[in-house]
Amino acid sequence: MTVRVGVLGATGAVGQRCIQLLDGHPEFELAAVTASEDSAGRSYGDAAKWRVDSPIPSAVADLTVSETDPDAVPDDVDLLFSSLPSGVAAEVEPDFAEAGYVLSSNSSNDRLADDVPLVIPEINPGHLDLLEVQRDERDWDGAVVKNPNCSTITMVPTLAALDQFGLERVHVSTLQAVSGAGYSGVSSMEILDNVIPHIGGEEDKMETESRKLLGSFDGAQLSKHDADVSASCNRVPTIDGHLENVWAETEQDVTEEEVEDAFCAIESLDLPSSPDQLIEVFEDPSRPQPRLDRTLGGGMAIAAGGVQTTPAGVQYNTLAHNTIRGAAGAAVLNAELLQSEGWI
């Protein structure tokens, strides 16, 4: 059965990418788009400054933009993708959930809330059961599920693979693309011929979200993983694709072959947006590279390479497309999981 869906914050960079990924989707039919009051009432094609690397879907271009308000969204829409700024999302997402809508949200607000599942479908699908707690505590007919930060989602699948060896401590240094800051987020004069060794709030997100994603849920409460995670986040002059250098300390001694086998053993899912292989491992030590490898698996795969053992564990590089796997694609995949598990 096709589910009618909407996109909140549809004119922004992540909203546009979400619309691109929903075009021709086998399970979801886009029926509503919302934006600010300035855009409401206009056609989407007129309101959106389309910047995605494919033409705007013609059917979407003719949709009328609604205000971001539950009363403005058609009643026959069951699922909403939220790509709102976190401040706006914190105010309106509860209103939509209370009104009965299920939200798959990329917005950063409430990712660490005790009753909000933060999900990477291949890694912690069981955390969706936290929705029972959420609905009981908040008296909602709807629900809110979050996907993690774009840098977190690049690293955590590899950490999940290493957890079998007793993951104790993680250090990560990121080289993050400018698209992660939004179209107007970093000026050309700042980033050309330069690296910016600070991204506000990013390090804390990696350090806290990782432990929640790797944590365990007992049916009533979620316990975070006890590994220590420390991050240094840097903005570099690439357009798309976050590359990360990871040092992981493990309780057990590991070999490079064991680590690569563990990466490859993480199974993908039978969902429309799932890549054939979740983590693709390169033997070439010069890979992965953003320009060459960010679109693996349609932008939904994680790339890893440069695996080397250290006295304390292992070091390696990992890469993902930050606006597909790291944002809009993650929200779509979470929605597919919600659909397959009967939450919609």
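Predicted model: local features only at pLDDT ≥ 70, side-chain atom pairs only at ≥ 80, totals over all residues.
View 1. Arg 135 belongs to helix H5 (residues 130–138); helices (H or I, at least four residues) and strands (E, at least two) are DSSP runs, numbered from the N terminus. Leaving aside residues up to four places away in sequence, Arg 135 touches Val 102, Trp 140, Asp 141, Gly 142, Ala 143 and Trp 343, contact being heavy atoms within 4.5 Å.

**View 2. The open sheet of six strands.** The strand order is S3-S2-S1-S4-S5-S6, with parallel pairing; strands pair if DSSP finds at least two bridges between them. Strand S3 (66–67) and strand S6 (143–146) form the edges, each pairing on one side only. Strand S1 (residues 3–8) and strand S2 (residues 28–35) are joined by five bridges, and Val 7 has Val 33 in S2 as its bridge partner.

**View 3. Surroundings of Leu 159.** Residues up to four places away in sequence not counted, Leu 159 touches Leu 167, Val 170, Leu 214, Val 246 and Tyr 316.

**Notes.** Residues are numbered from 1 along each chain as its sequence is written, and side-chain values use heavy atoms, with hydrogens and water left out. Local features need pLDDT of at least 70 and side-chain atom pairs count only at pLDDT 80 or more, whereas totals for chains, interfaces and linings use all residues.
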